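Open the model in your viewer and keep the selection panel at hand. The stops below go from one selection to the next.

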Amino acid sequence: MAQDAAGALSRIRVLDLSRVLAGPWATQILGDLGADVIKIERPEAGDDTRGWGPPWMPDEQGRESRVAAYYLCANRNKRSVTVDMASPEGQDLIRQLARQSDVLVENFKAGGLARYGLDYDSLKAINPRLVYCSITGFGQTGPYAARAGYDFLVQGLGGLMSVTGRPDDQPGGGPMKVGVALTDILTGLYAANAIQAALAAREHTGLGQHVDMALLDVQVACLANQAMNYLATGNSPGRLGNAHPSIVPYQDFPTADGYMILAIGNDGQFARFCEEAGRADLAADARFATNRARVEHRDALIPILRHLTTARTTAQWIDALESRAVPCGPINAVGQVFQDPQVQARGLRIDMRHPEAGSVPLVASPIRLSDTPVNYRRPPPALGEHTAQVLEEVLGLTPQAIETLRGQGTV
């Protein structure tokens with residue numbers, strides 16, 4: 001797409017003071033939708049994830065660059081500006097940028113930006129239309145507000161690890177975190193939604209507002225049916241490995257050459273599976289005829305099914321069951337995911353030219369808009385790549401003034 005193609009948020013400027021994952025994930029979404037995202041970073045160091053390697057991206061000669069793969073995952077469609085926030089001059093630059101912005105996103109500790117004069121109340125006074133999103137571990141209120149919050153800690157505290165992993169009485173049993181920083185990702189998604197809601201409200205009120213996003217709040221909200229299972233019964237759900245607390249069979253099963261997933265959601269699907277497996281009698285058995293009965297008699301049914309599924313390979317089962325409209329699938333390694341024909345057809349890998357690493361592969365946005373599609377305008381930027389451009393374009397500073405700031409170590 002052309003670099004100047006308008007996106008859904010093309011008239012929105014976002015000042016991004018966040019780093020690591022939850023905040024950058026939110027601002028990447030906004031950038032993908034067309035917003036002009038200005039990423040403020042520490043001179044010389046930058047976002048913490050710039051140093052989170054290996055792995056490092058190889059350059060076009062195959063040599064190891066100093067571009068961390070982690071950093072690349074959340075910083076597309078942004079402009080990098082280095083500013084020393086600890087200096088009065090740096091604080092003043094950020095205030096000037098905030099005056100010219102629609103949105104500010106930060107993930108400092110609660111109250112941490114007040115000493116710089118960059119908190120919501122201070123910036124609201126100079127830009128009442130500013131939507132100011134704070135992302136913290138525990139929110140702006142409550143007894144934990146002052147604590148630092150990390151995804152892993154919140155997965156534990158927020159209950160996700162209590163329902164993830166195998167039961168204690170099974171080999172390998174015990175609590176387990178999810179394989180990606182899911183709480184950070186979900187918080188970024190909620191934050192991007194909340195910011196757009198605040199922008200929509202501003203169309204009517206003319207005023208911005210403070211968006212208070214907490215990893216713990218998001219994690220509890222995303223317990224979904226497991227939270228409701230507890231609220232409905234008073235009993236905390238436990239770990240079931242890959243099984244489902246309310247649907248059977250809905251888990252992994254061994255095959256002749258590996259594993260497959262059966263995701264049977266109704267009694268008709270179960271009956272068709274049993275017919276294909278040569279055990280139609282199971283669907284007629286009162287213990288297994290309905291999902292409710294199958295949940296109650298899970299321990300009797302699952303060993304029978306695990307024996308049946310070892311009779312064929314994963315591919316044979318998938319071919320047979322898909323023809324009978326029985327939901328099933330493989331358990332792919334990440335490398336296999338990007339070789340999958342559906343993933344390729346949907347264009348979920350893109351390639352962009354990075355100023356240091358050359359052509360780099362990235363994961364595409366999953367958002368599909370018919371009239372204002374996602375626009376991949378900029379690769380994740382090099383540290384400070386756009387400092388002079390932004391200060392001149394947005395604040396009207398002259399090249400001489402920018403050089404003076406560089407000489408002072410402000411930018």
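Select helix α13 (residues 314-323): it lies across β10 and β11 and runs at about 155° to β11. Helices (H or I, at least four residues) and strands (E, at least two) are DSSP runs, numbered from the N terminus. Angles run from 0 to 180 degrees between N-to-C directions, with axes as lines fitted to C-alpha atoms, for helices over the stretch in contact; contact means heavy atoms within 4.5 Å.

This is a predicted model, in which local features need pLDDT of at least 70, side-chain atom pairs count only at pLDDT 80 or more, and totals for chains, interfaces and linings use all residues. Residues are numbered from 1 along each chain as its sequence is written, and side-chain values use heavy atoms, with hydrogens and water left out.

Next, show the strands under the helix. They form an open sheet of three strands in the order β9-β10-β11, with antiparallel pairing; two strands pair if DSSP finds at least two bridges between them. β9 (250-254) and β11 (328-330) are the edge strands with a single partner each, so one side of each has no neighbour in the sheet. From one strand to the next, the twist averages 25°.

**Along β10**

Select β10 (residues 259-263), which three bridges join to β11. Five bridges join β10 to β9, and these two strands form a hairpin with four residues between them.

Color the two faces of β10 separately: Met260 and Leu262 make up the covered face, while Tyr259, Ile261 and Ala263 are on the uncovered one.

**A loop residue elsewhere**

Go to alanine 74, in the loop between α2 (69-72) and β5 (78-82). Is alanine 74 buried or exposed? Alanine 74 counts as buried because its relative accessibility is 0%; buried means under 20% relative accessible area, exposed over 50% and partly exposed in between (1.4 Å probe, protein chains only).

Show what surrounds this residue: alanine 74 touches Leu21, Pro24, Trp25 and Gln28, leaving aside residues up to four places away in sequence. Finally, select isoleucine 29, which is 45 residues from alanine 74 in sequence and 8.8 Å away in space, C-alpha to C-alpha.
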